Amino acid sequence: MCNGPLDTWIFHKIPKQPALDWQTKMTVIPNIAKGLAYLHEECRQRIVHLDIKPQNILLDVNLSAMISYFGLSKLIDKDQSQVVTTMRGTSSYLALELFSSIVTEKADVYSFGIVVIEVFCGRKNLDRL
C-alpha cells in the first residue's frame, strides 16, 4: 500500500507530511468498520483480528484504509460465540475481556473505538514516558 500505515498520517511520523483532513478521516473510519464487518460477519469462519491499531491499517493511493497483519488473529466457527485464547495484542488497544482469555469479536470493536479516538484527536491514547 503506497501511503503506508495509518499511524504515520495521524501521529505525523514523516516530517512535512500533511495531516488527514476531516473528509479523509470520515472516509478512513468507515473503511476500517467495513473491513471489521467483513471479518466478523461475511467470512465462512469469523475472524477476530486481536491487533487492530493504526500500525496495522494501511492506506492505498486514494487513502482508503485496509486492515493488515493477521498474525495474532483467531478463527471462530459460526456456531461458536466465543473462543478461549491466550492474551494477545498491543496493550494500549486491548479490550478488558482479553484478560479473561475468552474472546469474541467485541475485542476488535473495542480496539476500533480506540483507533477512532486516535484518528480524530491526532494523538496516541496512551503516551509512554
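Me: Helices (H or I, at least four residues) and strands (E, at least two) are DSSP runs, numbered from the N terminus. With that in mind, where does Leu63 lie?

Reply: Leu63 lies in the loop between strand 2 and strand 3 (65-67). This is a predicted model, in which local features need pLDDT of at least 70 and side-chain atom pairs count only at pLDDT 80 or more, while totals for chains, interfaces and linings use all residues. Residues are numbered from 1 along each chain as its sequence is written, and side-chain values use heavy atoms, leaving out hydrogens and water.

Me: Why is Leu63 called buried?

Reply: Buried means under 20% relative accessible area, exposed means over 50%, and partly exposed lies in between (1.4 Å probe, protein chains only). Leu63 has 18% relative accessibility, so Leu63 counts as buried. Its phi, near 60°, is positive although the residue is not a glycine.

Me: What makes Leu50 buried?

Reply: The relative accessibility of Leu50 is 4%, so Leu50 counts as buried. Leu50 lies in the loop between strand 1 and strand 2, and Leu50 too is a non-glycine residue with a positive phi, of about 70°.

Me: How many aromatic pairs does a search of the whole structure find, and why is the pair of Trp22 and Phe120 called tilted?

Reply: The search finds 1 aromatic pair. The ring centres of Trp22 and Phe120 are 5.1 Å apart and the planes stand at 45°, so the pair is tilted, given that rings of Phe, Tyr and Trp (its six-membered ring) pair if their centres lie within 6.5 Å, with planes under 30 degrees apart stacked, over 60 edge-to-face and the rest tilted. Because Trp22 lies in helix 2 (residues 22-42) and Phe120 in helix 3 (residues 106-121), the pair ties together parts that are 98 residues apart in sequence.

Me: Which residues of helix 3 are buried, and what covers them?

Reply: Among them are Ala107, Ser111, Ile114 and Glu118. What covers the buried residues of helix 3 includes helix 1 (6-10), helix 2 and strand 6 (102-103).

Methods:
Contact means heavy atoms within 4.5 Å.
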